[in-house]
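User: I would like to learn how to read strand pairing and overall chain dimensions from a model. Please take them one at a time.

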Amino acid sequence: CAFRGVLRTGIDARNMEECTLAGNSFTDIGPANGSGQSGHADRWKGYGYYEYGIGIQASGIHSIIEDNTVLRCGRQGITAGGQGVLVRFNTVDHACLSYNDCGAFMPLGDSRTEFNIIRHSIGPYDQFAGSGARGIYPDFRERDTIRFNTIVDARVGIGLTNAKREVVRGNTVYGHTAIGFSMNKKNAGPLDNTVAGNIFFGLDARQYSLRWENQVTEPDRSAIDSNRYWNPYTDFPVVKHKGDSASAEAWWDFAGWTSTGNDRHATRNFLTAPPPWSILDTAGASLVQNGSFENGTTGWSFSDSLTAVTGVLDGRCARLKKNSTGSKTFWTRLTMPLDTGFAYVVRFTVADPSNIGRTTLRVREDAAAWNVWLERVYLTKSARREYWTVFSPPANGRALLEFSSSNSQYWLDNISVLPVHALPTDPRERFPIFVNDTRHPKTFDLGERCYLDLDSIPVHGSLTLAPFTSRILVLRDTCALTSVPRN
């Protein structure tokens, strides 16, 4: 059957046993009507919005949901669970168009979700980038098996909120906007989840692979092991972890994470890759006044202790020390308006004595709207780190350069914002994913290009994939045999 423009639910099979839902298509389901318009998250509450915009709802026992396609829905594409329920060989594209606390697939417990394809589960609200729409989202559920699914461009690839005894194994999460895998413990009692053998492949320096947060004092005993973490554009942060409600939030690079006993058999692969931008030439002087702090802290503002010191970085540098809790912003006004005709490269040096902190960089519109034009998070260590990033402003106008940090003390130096002529590079061309969303083997013509797969096996000529599987390849500069560097 084909369903189009349904306001509420395409198929509602709740409390039905031993049913088969197969070969159906769903298009433009729910209030979003495929447009993905923004608005308040509760805008449909008066209409029972939890049930508006769902492709399939199914709960019962021993049911099969397979070979369905969902294209554009306001909430989840498929919500299903119950003893013996099998969800397989389905495709969901552009779910969660009108609500962020949502997943393209939402297992309801005791089910198997396997060999499905998910694309673009990103949600409509950018302000919830760290906790928005998921690809697969068992929310307060138990005993689901989630395996061998492919998730492309979800806000969060797989998110477990107080889900228990879940098995998450062999999935591929690619190009995620914020987080590959997220696990959040909200109530007492062990979660006992198993997360193993998954591939988390990021394509942007803003992304991190795993977030594990515990909001109660009791430690969790979930097992996280043998996952593969890839991001050619950053070594860190890989993991954000809060062990219990009494501990501080920690950000780990891969070596630090495995030293905690988690992912002891994991691999973190580093790739030689071009930066996200190729800088052709500079087009002017820095727009930052006193970025090397040779004139003390002139031109900079900070609400707590700010001094210029020597002997830490290069010559003089800024020492920022918080005298009270909470995030404090260190900022300056750029000397010239930003111009949409240019890209801009931001450079800075940072260090912190905690050895496990982070700092956030922002470029913000200096106007009543205070729009954020650039935001990046960087891991900080006691050893100095040099960072740079390129951005293109969305509008002409004056701007502020801001830094904030979780650290009680840190140092900054060599801060500059330079106009440049630059061209963006396409990571999806260098690291493409091939997806077979059919029930038959599918062959892709690779032309004259030569690739390696993630196990350094050469691939050229063509690539054949089994039904509902995927494969990420690495484009080689030449067809000479080389291996993918690995840590």
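Analyst: Two strands pair if DSSP finds at least two bridges between them. Helices (H or I, at least four residues) and strands (E, at least two) are DSSP runs, numbered from the N terminus. This is a predicted model, in which local features need pLDDT of at least 70, side-chain atom pairs count only at pLDDT 80 or more, and totals for chains, interfaces and linings use all residues. Residues are numbered from 1 along each chain as its sequence is written, and side-chain values use heavy atoms, leaving out hydrogens and water.

User: In which sense do strand 26 and strand 27 run, and over how many bridges?

Analyst: Strands of a sheet pair through backbone hydrogen bonds, either parallel or antiparallel. Here strand 26 and strand 27 (residues 250–252) run antiparallel, joined by 3 bridges; His241 has Ala250 as its bridge partner in strand 27. Strand 26 (residues 239–242) also pairs with strand 23 (residues 208–214), in the parallel sense over 4 bridges. There, Val239 in strand 26 is the bridge partner of Leu210.

User: What is the strand order in the open sheet of 4 strands?

Analyst: The order is 39-42-40-41, with antiparallel pairing. Strand 39 (433–436) and strand 41 (458–465) are the edge strands, each pairing on one side only. Strand 39 pairs with strand 42 (residues 469–475) over 4 bridges, and Phe434 stands opposite Arg471 in strand 42.

User: What does the radius of gyration of the protein chain agree with?

Analyst: The radius is taken over C-alpha atoms, and the globule rule is 2.2 Å times the number of residues to the power 0.38. For 487 residues a compact globule would have a value near 23 Å, and the protein chain has 24 Å, which agrees.
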